[in-house]
Amino acid sequence: MNKKILLSLLLAGCCWFGAAAQQVAVKTNLLYWAATTPNLGAEVALSKHSTIGMTANWNPWTIGADNRIRHWFVRPEYRYWVTEKFTRLYFGVHAIGGNFEVGGFKLPFIGDRILTSLPTNYYKGSFVGAGFSIGYQFYVSPHWNLELSAGAGLARLSYHTEPVRGPKAASYTNRRRILPIPTEVGVSFVYLFNSRK
């Protein structure tokens, strides 16, 4: 329910800003879609070099009987554009927060050495954090851009583990950790309303 409310507010914000004749962009990250995570973002110009935006991501899936990759998170971000808003290079600072429930599968490559109990346990919890990003938007047409982006930061995780199979406990004790995490990896289509290019 909370995820639907967040997405509705994001869409309503896009419509309101568009009606106010501001320069607004909406976007979606193709890499997240490839990872079965629907996502949507909106960004509003504050000045010639500044924008503020929000992205929302939601993955409700269980793949097969046991493999869960459920999560949702939101990421508000301020961007400074070196040349001009929605054009070429930018640097950003952002917050991030959400919930997750993952487990029941092996990660490829080095995942078995890092998260050894992932195939037999579900990790359930929440996280909040902040980080920095860098990106570049390529001009495609007056209303379309292609964006490449990357970000990293620190997150505070509060979580517990539950066995994939076997009896579940009546309650679990949460663990807390602060970890460096990637906060953004993106190849996004961007649509510009009220384009002034």
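**Ground rules.** I am working with a predicted model, where local features need pLDDT of at least 70, side-chain atom pairs count only at pLDDT 80 or more, and totals for chains, interfaces and linings use all residues. Residues are numbered from 1 along each chain as its sequence is written, and side-chain values use heavy atoms, with hydrogens and water left out.

**Tyr32 and Phe73.** I checked burial next: Tyr32 and Phe73 are both buried (under 20% relative accessible area; exposed is over 50% and partly exposed is in between, with a 1.4 Å probe and protein chains only). I then searched the whole structure for aromatic pairs and got 10. Rings of Phe, Tyr and Trp (its six-membered ring) pair if their centres lie within 6.5 Å; planes under 30 degrees apart count as stacked, over 60 as edge-to-face and the rest as tilted. Tyr32 and Phe73 have ring centres 6.2 Å apart and planes at 75°, so I noted the pair as edge-to-face. Tyr32 lies in helix 2 (residues 30–34) and Phe73 in strand 5 (residues 67–81), so their pair ties together parts 41 residues apart in sequence. Helices (H or I, at least four residues) and strands (E, at least two) are DSSP runs, numbered from the N terminus. I also saw that ring pairs link Tyr32, Phe73, Phe100 and Phe127 into a cluster.

**The core.** I found 11 residues in the largest nonpolar core, including Tyr32, Phe73, Phe100 and Phe127. Such a core is a set of buried Ala, Val, Leu, Ile, Met, Phe, Trp, Tyr and Cys residues joined through side-chain atoms within 4.5 Å. Strand 6 (88–103), strand 7 (121–141) and strand 8 (144–163) each give two or more residues to this core; strand 8 gives the most, with 3. I noted a second, separate core of 7 residues, among them Ala25, Trp81, Val190 and Leu192.

**Asn29.** Asn29 lies in strand 1 (residues 24–29), and I counted this residue as buried because its relative accessibility is 4%. Not counting residues up to four places away in sequence, Asn29 touches Asn39, Glu184, Val185, Gly186, Val187 and Ser188.

**Charges over rings.** Last, I looked at two arginines. Arg68 lies over the face of Tyr122, 4.2 Å from the ring centre, and the charged end of Arg79 sits over the ring of Tyr90, 3.9 Å from its centre. The test is NZ of Lys or CZ of Arg within 6 Å of the ring centre and within 35 degrees of the ring normal.

Methods. Contact means heavy atoms within 4.5 Å.
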